[in-house]
Amino acid sequence: METTLDDAAAVFAEVRPRLFGIAYRMLGTAADAEDLVQEVWIRWQTCDRSAVRNPAAYLATTATRLAINATQTAYARRESYVGPWLPEPIDTSADPQLGAERAAALELGVLLLLEKLTPTERAAYVLREAFDYPYQQIAEIVQTTEATARQYVSRARKHLAAERRAPVDPDEQRRLLTAFVKAAQAGDLSALEELFAADVVSYSDGGGVVRATKHVVRGADAVAKLVRAWSTNFWDDVRAVPAALNGADAVLLQRNGETIGVLAVAGSAAGIDEVMWVLNPAKLTAL
């Protein structure tokens, strides 16, 4: 292949959306994903490109291996995070640089579950579910055998299936979210309890910067009472603006034209299973 910098830039630009898609699903934040993609670009400029037979495979391999290392660091960093940690929401309404053939491993609730996998398991799952890589190529990328790569993906699928009920269809998801916002704004305790699954969980990510619940709240009664307590002042002058974030319906919470939070729910046949409040200002800058 040609080895001029212009040629290198053209090849990289074509693959870049996929690299970002891999990095974001591994790290859960757009800023960290962008930093990782920039590191891949630097390595692509300085490597012996004439020896690379498949640039797309080379770049994806580089991105994934860097992401595995970065995820190990990120996991350690989150141990000292103040309060519950949630992924950084991203706007998928205009199909930004995610490069996914599928919307797999994008929803906030799924990304949160992926945090419980090892970085290598997470990488194998992302490559398979979001980008449909064959197992042989996954094995080469994560430096293991094909049989082990299959085990990684199988383990990840089982983990998600055990931790998460089958999601409802998008129309029902939208209905649950709309009904929740209405009940939350009104502080309607009975309406909230009716919407919730018995074992609903609420995560409030303020990062220690803004007021948020410091612990995960569990159970329909406890979460409903929490949301009702917030209704007294949290919703003052706040507009709930529908948005498509992480491949699903969500709500931007805006005050005086500024986004102060993101609200998302995960629903199943049992009702709302998860309520996720992303309030940390650092995670809202891109929105």
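Trp 277 is buried in this predicted model, with a relative accessible area of 1%. What does Trp 277 pair with? The partner is Trp 230, and the aromatic pair is tilted, with 4.9 Å from centre to centre and 50° between the planes. Tilted is the term here because 50° falls between the limits of 30 degrees for stacked and 60 for edge-to-face.

Now the positions in the chain. Trp 230 belongs to helix 10, residues 220-230, and Trp 277 to strand 6, residues 271-278. The two are 47 residues apart in sequence, so the pair ties together separate parts of the chain. Trp 230 has 14% relative accessibility. That counts as buried, because the cut-off is under 20%.

Phe 180, Phe 196, Trp 230, Phe 234, Trp 235 and Trp 277 form one aromatic cluster.

Next, strand 1, residues 196-205. Of its 10 residues, 8 are buried, and the strand is mostly covered. Strand 1 is joined to strand 6 by 6 bridges, and these two strands run parallel. On another side of the pairing list is strand 2, residues 217-218, which is joined to strand 1 by 2 bridges and runs antiparallel to it.

How many aromatic pairs does a search of the whole structure find? It finds 10. One of them is Trp 44 with Tyr 58: the ring centres are 5.7 Å apart and the planes are at 45°, so this pair is tilted. Trp 44 sits in helix 2, residues 30-46, and Tyr 58 in helix 3, residues 55-78. They are 14 residues apart, and the pair links distant parts of the chain.

Buried or exposed, where does Trp 44 fall? Trp 44 counts as buried, at 0% relative accessibility. Tyr 58 has a relative accessible area of 30% and is partly exposed, because that value lies between the cut-offs of 20% and 50%.

Last, charges over rings. The ring of Trp 44 has the charged end of Arg 49 over it, 6.0 Å from the ring centre. Trp 44 therefore has a ring partner in Tyr 58 and a charge from Arg 49 over its ring. The charged end of Arg 78 sits over the ring of Trp 85, at 3.8 Å from its centre.

Terms used: Residues numbered from 1 in each chain as written. Predicted model: local features only at pLDDT ≥ 70, side-chain atom pairs only at ≥ 80, totals over all residues. Heavy atoms only, no water. Phe/Tyr/Trp six-rings, centres within 6.5 Å; stacked < 30°, edge-to-face > 60°. Helix = DSSP H or I, 4+ residues; strand = E, 2+ residues; numbered from the N terminus. Buried < 20%, exposed > 50% of the residue type's maximum accessible area, 1.4 Å probe, protein only. Lys NZ or Arg CZ within 6 Å of the ring centre and 35° of its normal. Pairing = 2+ DSSP bridges.
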